[in-house]
Amino acid sequence: MSKSTSNSNERPNAGRRSFIWKAGAAASAVLAASVPAMSMPNAGRNNGLKGEVDRLSAKLESLEDQNEIRELNRAFESFLDNGRYENVVELFSADGEVIFNGGIFKGKDKGVRRLFCEYFSAGETGKKVVPAPGFEHENELLQESVEISMDRGAASGRFPFSIQVGMPIVSDSVLVKMARLQGGGIMKWWEGGVYEMSYVKDDGDSRWKIKSIDFQTVVKADYRPGRSYAKQIDIPLFSKVYPDDPSGPDRLSRSARRSEKA
Amino acid sequence: MNIPMHRFKYTKLTKDEIGKKLKPTYDGPESVSELSDALSGKSLKIVTKEGPVLEYTFKSKNELTLVEDGGSKIKSGYGALTLKQMVFFSHMIPGTQKGYNVFADLDTDLVTVIEVWFSSDTKENAMMGPPIEIDAREVQRQIYYGYIETAGKEAPEKLHHLTNRIEGKGMYWKQDTGVETLEFYASVMSTNFVELTRHVDDLSYCAPTDYVLINDNMFVYDRTECEFSGIMTMYAVDLFTQSQIGMRLGFNEKDKLEYYMFRGKGKVVGHLTALEPFDEHGETLNMGFGPAPASDQPPPKAPKGQRRAYRPARSYENMTAEEINRIAEKNTITFTDNPNTPQAQAGMMSGNTLPYSELLAGKEFTLRYDHGPVYNYKVSDAYNLEWKKEGESKWRKETYRAFEADEKLLFFAHMHTGAKPPVSVKIALDLTNGLTTCIYSKVGSEYYGNEVTYEAFFGVAEMEGLESAKYLRHEFTDELVGRGFTRTYSDNMTSMHLYTTPHSSAWTIYMPDQTLGMQWCAPALYVKLREGVYIFDLVEEACNGAETCIIENDKTMHASGFGFHGGKDGINLGVIGAIARDLGQYKVKEYFGPHARRKGE
């Protein structure tokens, strides 16, 4: 995917159609809509009215794409928040993949489903929680961004997250087994970071799908609502792949391992 | 009945056998109290939410006709009892193994219908292993909430519902049959109950339960003795008058049909503190069936009859004594943690363990138990000791751990390495008066090779500088009976201990919102060491066979001790620690023991 660093109030060269729109916030759509074509200083002078219409049409389409992707992301976060993991999976393209906790989960109906419907479901992972006290995101991390490819067939995005992550406790203890039967027995913690996402337009219905998500976790902390302190914790990365780990990844992510160690 | 229910081998009655045994039910239930004619000559149309429409005509006080969902007319015997504005009637449907039990509030026209049936032919997911086939004799139930339809009157919006308002309440009941029970409604989905007259031992048992709120002083209750006889008891309660009207249906331990209605008088024996958030009013109930549905999604519909039933006996993997001995040779794990940081031991039963004590380091002493063993000890340091039975010449080395459970009151444990079956001792030793109690445990019982059995010995220590008593001893106690405590073993695991009787205890698991959920119970023993300091020892009998042996200190609200078990993963002696909250106490001691108020009355 080629990229441009243009921001929302920078006017691209209307004569070139090879552009990538990047928006830092949904406000860009408002800005674009509020600037009439005829008010542009060069409109009708360099490329004529048709060129300007083409340029604005392209910009409008791109902004629509951005909005759809933001909607897609909102749906992703909402489904995760509500534990609707089957719905999460349906947002992915057939060849979608997820990088999570040092593991790569490949294929919508295989690895991705295994991650969300088994691993996430068992640990009730993904529920939105406020950042652990003392570990709030830096402003820079809070910035969302969406980039659309020039052919509008692909996109990338970056969104902050602040979620509860959980892992069922493995124990012979009857207490744990009883707790598991009623939905408990889960070790929970907080994770904050950024979703690095890529998207692809579905050939069938021309709707945006998630092609990949890399959960770039910045910090993990032992913290639950009601507790008066939070402390950073280390959670072991995936060390086994599927099927040795029945809900594990298809392969381990070396870069994730390096990043965690760093 | 003198065989504990968790040891009793109930007959696997077949569907045909049950069908034949149910024939008398078609004439309606028996009753010691006179049945009510409140419904005689009346007709009721009951409309339920997500359930049947039941059109009843009551010809007399023991004969009715029913049209179920517009079907053909069914004639059946029935019985009815009234309690204030509540009419409760019960009947089976001739030719079938099902029936209806209807609690109708004639003030509000709201109705709770409990459909019951036998021979469910269903399977249930187990804690481990394949799904469990439910016994045909186990009474199944489905609750429907509805109303009595009245011409010209709109359907009510608010119906009866499950509630947590009863959680924590304890009641004593005496039926018109003479049957007496203690019932601790300590969970939103289960009951601890003690059969004071049906059984000769003072043991409590657990059964899946539903609690339906009628109004602030009335509720409807049912429990099914899953894992045992499968019999069901249901009733409506008026807390103002502490009265009940109810019904019992099923087959007892002699496979004899019980289908009768009853009246009962009771007494609230106390409450345990519920720990749900204060904005919980009991209007909705978290049953812990998984993540809450999204706000825009209706809750998933549970399969008919679904309930949370803990079935440990059936999912327990039984091992032989020989298997245990073989495993013990290969894999006996004694205190796997770093001795300097007990709290850091991986696992959720020891996150709140006390620091280890060095008070025994360098000491030599003898522990002499009345009618029991005599042990000589030489303690090297905080983690290693040597011991031998008195009279033996060879000292045996063991690793041990000790906690100071109260001022100069040590609680230490170690294995008897090489013993067959595997043995551990947990020893309370009071360095102020020389009194000592030894909980001697071995892996293996007459029922299972991997079920721990235990025995308490009382005695004195002989140690330099210690003047021990000649007659005074630690002793069994009932001081903890009726008390409930939270046990927070780690931030990820809290349960409740309820000390139900002098010889048994129940444990209940908190759900994430601190509602009390699944529970089970087992025989236990209690020893008083000092004022407010006790040994509690329990083996999860016919469950996982594991022993929990702790000292409970009322002053610090901290329990510390040891866990001991044997299984396919080996023999394990580990440490346990939990901080506690006092949840209150049921006043029930008068109901237990050889001089109990009920005995001979």
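Which residue of β7(B) stands opposite B:Ala80? The residue is B:Phe89, and the strand that carries it is mostly covered, with 7 of its 7 residues buried. The model discussed here is predicted.

- Strand β7(B) spans residues 86–92. B:Met86, B:Phe88, B:Ser90 and B:Met92 point one way from the strand, while B:Val87, B:Phe89 and B:His91 point the other way. The residues of both sets are buried.
- In a regular strand, side chains alternate between the two faces of the sheet.
- Strand β6(B), residues 79–83, pairs with β7(B) in the antiparallel sense over 5 bridges. The hairpin of these two strands has 2 residues between them, and B:Lys84 takes a positive phi near 50° there.
- Strand β8(B), residues 98–105, also pairs with β7(B) in the antiparallel sense, over 7 bridges. Here the bridge partner of B:Ser90 is B:Asn101.
- The hairpin of β7(B) and β8(B) has 5 residues between the strands, and B:Gly95 in its turn has a positive phi of about 85°.

**B:Phe103 in strand β8**

- B:Phe103 lies in strand β8 of chain B. This residue counts as buried because it has 26 C-beta neighbours inside 10 Å, where 20 or more are required.
- Not counting residues up to four places away in sequence, B:Phe103 touches B:Met86, B:Phe88, B:Val111, B:Thr112, B:Val220 and B:Ala236.
- B:Phe103 and B:Thr353 are 250 residues apart in sequence, and their C-alpha atoms are 49 Å apart in space.

**Helix α3 of chain B**

- Helix α3(B) covers residues 321–330, and B:Ile324, B:Ile327 and B:Ala328 are buried in it. Seen down the helix axis, the buried residues of α3(B) fall within an arc of 105°, so they line one face of the helix.
- An α-helix has 3.6 residues a turn, so residues three or four places apart point the same way.
- The other side of α3(B) bears the exposed residues B:Glu322, B:Arg326, B:Glu329 and B:Lys330.
- The buried residues of α3(B) pack against four strands of chain B: β22 (332–334), β30 (435–443), β39 (558–567) and β40 (570–585).

**Nonpolar cores**

- The largest nonpolar core has 175 residues, of which B:Phe88, B:Phe219, B:Ala236, B:Tyr534, B:Ile535 and B:Ile551 touch the most other members. Strand β36(B) gives the most to this core, with 10 residues.
- Another core, of 37 residues, lies apart from the largest one and includes A:Phe92, A:Val112, A:Val146 and A:Tyr223.
- Leaving aside neighbours within four places in sequence, the contacts of B:Ile551 include B:Ala405, B:Phe411, B:Leu529, B:Tyr534 and B:Ile535.

- Chain A has 7 helices and 9 strands. Of its 262 residues, 37% count as buried.
- Among the contacts in chain A with a separation of 6 or more, 61% join residues 24 or more positions apart.
- 27 residues of chain B are in contact with 19 residues of chain A. On the side of chain B that touches chain A, β34 (493–501), β35 (504–510) and β36 (516–530) each supply at least two residues.
- The residues on that side of chain B divide into 16 nonpolar, 8 polar and 3 charged.

Terms used:
Residues numbered from 1 in each chain as written. Chains lettered and ligands numbered in written order. Predicted model: local features only at pLDDT ≥ 70, side-chain atom pairs only at ≥ 80, totals over all residues. Contact = placed C-beta atoms within 7 Å. Nonpolar A, V, L, I, M, F, W, Y, C, P; charged D, E, K, R; others polar. Buried ≥ 20, exposed ≤ 12 C-beta atoms within 10 Å, placed from the backbone. Pairing = 2+ DSSP bridges. Arc of directions from axis to C-beta. Core = buried A, V, L, I, M, F, W, Y, C linked by C-beta atoms within 7 Å.
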